[in-house]
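Dear colleague,

Here is the structure I said I would pass on. My notes follow below it.

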Amino acid sequence: MRAISKELEHILEAYSPLVQEGRKIAIGLLDGTVHLEKGRRGEAPIQIRVSLLDQRLNMTVEALFQGM
């Protein structure tokens, strides 16, 4: 098993309660996304998936959620 960074540890501590309630969490990064979801029976309690973007994202939160 690989060691996790302090940043990822902080994310897991903050979002674990929501994931355990069955919610799926997507966290936007500058060059990808991190997805957290509850593991199925026989899996780890929280599944972590990282998806990389083809281009580096340079967007503000206001621009991202404009029109919602």
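Glu21 and Arg23 form a salt bridge, with 3.5 Å between the closest N and O atoms. Glu21 is exposed, at a relative accessible area of 55%, while Arg23 is partly exposed at 44%. Please keep in mind that this is a predicted model.

A search of the whole structure gives 2 salt bridges. Besides the pair above, the side chains of Lys6 and Glu9 meet at 3.9 Å, N to O. These two residues are 3 apart in helix α1, which means that about one helical turn separates them. Lys6 counts as exposed, with 65% relative accessibility, and Glu9 is partly exposed at 31%.

On the sheet: it is open, has 3 strands in the order β1-β2-β3, and its pairing is antiparallel. β1 (25–28) and β3 (46–52) are at the edges with a single partner strand each, so one side of each has no neighbour in the sheet. From one strand to the next the twist averages 20 degrees. Between β1 and β2 (residues 32–38) there are 4 bridges, in the antiparallel sense; Ala26 lies opposite His35 of β2. Helix α1 (residues 6–20) packs on this sheet and touches β1, β2 and β3. The direction of α1 makes about 45 degrees with that of β2.

On confidence: the average pLDDT of the protein is 83, and 81% of the residues score at least 70. Of the elements, α1 has the highest mean pLDDT (91), and helix α2 (residues 61–65) has the lowest (69). Where pLDDT is low, the predicted coordinates should not be read in detail.

Regards

Methods. Residues are numbered from 1 along each chain as its sequence is written. This is a predicted model: local features need pLDDT of at least 70, side-chain atom pairs count only at pLDDT 80 or more; totals for chains, interfaces and linings use all residues. Side-chain values use heavy atoms; hydrogens and water are left out. Two strands pair if DSSP finds at least two bridges between them. Axes are lines fitted to C-alpha atoms, for helices over the stretch in contact, and angles run from 0 to 180 degrees between N-to-C directions. Contact means heavy atoms within 4.5 Å. pLDDT is the predictor's confidence in each residue, from 0 to 100. A salt bridge is a side-chain nitrogen of Lys or Arg within 4 Å of a carboxyl oxygen of Asp or Glu. Buried means under 20% relative accessible area, exposed over 50%, partly exposed in between (1.4 Å probe, protein chains only).
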